[in-house]
Amino acid sequence: YHLSKRDLRVDDVTVDFSDGIRLINLLEVLGGNSLGKYSKRPLVTKGSETTVARQAQFVFRQNIELALSFCAKEGIRLENVGVIDIIEGNRTIILGLLWSLIVHFQLQPTMRRVQRGSTWVPTAPKHQLLEWVQSCIGSTTPFGLEVTGFNRSWNDGRFMAALVESQWPGTQRDWARIYTDKLEVLDKCERALGEAAERGVPPVLAASHLCSPECDELSLVTYLSGFHKHMTPE
């Protein structure tokens, strides 16, 4: 969504951030400031294959170091995020980086504060996101689903289909049906995510990943935060 403002897109987080260009552009759009000069065409084509690879990685590293330096100056909390992790496409690290950006630029400015004793403290971003999901499809809604977290209960596609149906009624009429065949589950997830993407929700989660037991909490909260942001514009 944010990168579309620069005529850029992300199809695979393990590949598309490796040269640092999209990461820099994302930070500039989110932060509203230029990060300065960087290599906008980092692919090098002269020399042997080994030389080209070394030159390209050197330029990639410069771009990513610029982006991470900006994050540090902004006070964005990054844990275990290294340049080489982004270059080599470490999915978990990259999703963790994106989640940190979402928290800093999108969730923190709007976080509610709750009273604990005599002190008012901000609610945790994931808890706030869970509350929003529960308000859409939780046990007190017509959908009546017990959404307790971002775990494997999302794998069969029901929660995602219900969430899409809650926002665009009539698009996921079979949201409540439980499929046991893997291809049917995949189809259910593809239809739900596809509908959301057509409506403008950033498509950063693949259906094949959603219906897999390997789908982690970070992947879900990253996607759902984009969903929430799309449905609750400033």
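1. The second largest pocket is lined by 16 residues, and those nearest its centre are Arg-77, Leu-78, Gly-96, Trp-99 and Ser-100. Here a pocket is an open set of points on a 1 Å grid over the protein atoms alone, where a 1.4 Å probe fits, with protein on both sides within 12 Å along at least five of seven lines; lining residues have an atom within 4 Å of a point. The space in this second largest pocket is about 270 Å³. Helix α5 (residues 91-107) supplies the largest share of its lining, namely eight residues. Helices are DSSP runs of H or I with at least four residues, strands are runs of E with at least two, and both are numbered from the N terminus.

2. The model is a predicted one, in which local features need pLDDT of at least 70 and side-chain atom pairs count only at pLDDT 80 or more, while totals for chains, interfaces and linings use all residues. Residues are numbered from 1 along each chain as its sequence is written, and side-chain values use heavy atoms, with hydrogens and water left out.

3. Confidence should be read before the details. The protein chain has an average pLDDT (the predictor's confidence in each residue, from 0 to 100) of 84, and 85% of the residues score at least 70. Helix α7 (residues 158-167) has the highest mean, 96, whereas strand β2 (residues 119-122) has the lowest, 42. Over residues 111-116 pLDDT stays under 50, and the model has 19 contacts (heavy atoms within 4.5 Å) for them beyond four places in sequence. Residues 118-122 also stay under 50, with 11 such contacts.

4. Where does Glu-28 lie, and is it buried or exposed? Glu-28 belongs to helix α2 (residues 21-31), and it counts as buried because its relative accessibility is 9%. Buried means under 20% relative accessible area, exposed over 50%, and partly exposed in between (1.4 Å probe, protein chains only). The side chain of Glu-28 comes to 2.9 Å from the backbone nitrogen of Leu-35. Beyond four places in sequence, Glu-28 is in contact with Arg-6, Asn-33, Ser-34, Leu-35, Gly-36 and Tyr-38.

5. Helix α7 is largely enclosed by the rest of the structure, because seven of its 10 residues are buried. These are Phe-159, Met-160, Ala-161, Ala-162, Leu-163, Val-164 and Glu-165. They pack against α6, α8 (182-198), α9 (207-210) and α10 (217-231). Arg-158 also has its place in α7. Not counting residues up to four places away in sequence, Arg-158 touches Leu-145, Trp-175, Ala-176, Arg-177, Ile-178 and Lys-188.

6. Helix α6 (residues 125-137) has 13 residues and reaches 19 Å between its first and last C-alpha atoms, close to the 18 Å expected at 1.5 Å a residue. The expected span is 1.5 Å times one less than the number of residues. The 15 residues of α10 should therefore span 21 Å, and its end C-alpha atoms are 21 Å apart, which agrees. In α6 the buried residues include Trp-132 and Cys-136. Helix α10 is mostly covered, with 11 of its 15 residues buried, among them Tyr-223, Phe-227 and His-228.

7. Glu-190 has its place in helix α8. It is partly exposed, with a relative accessible area of 43%. The C-alpha atoms of Glu-190 and Cys-211, which are 21 residues apart along the chain, are separated by 9.4 Å.

Technical notes:
Polar contact = N/O pair within 3.5 Å; in protein donor to acceptor, adjacent residues only side chain to side chain. Points joined across faces, edges and corners; volume = space filled by probe spheres on them.
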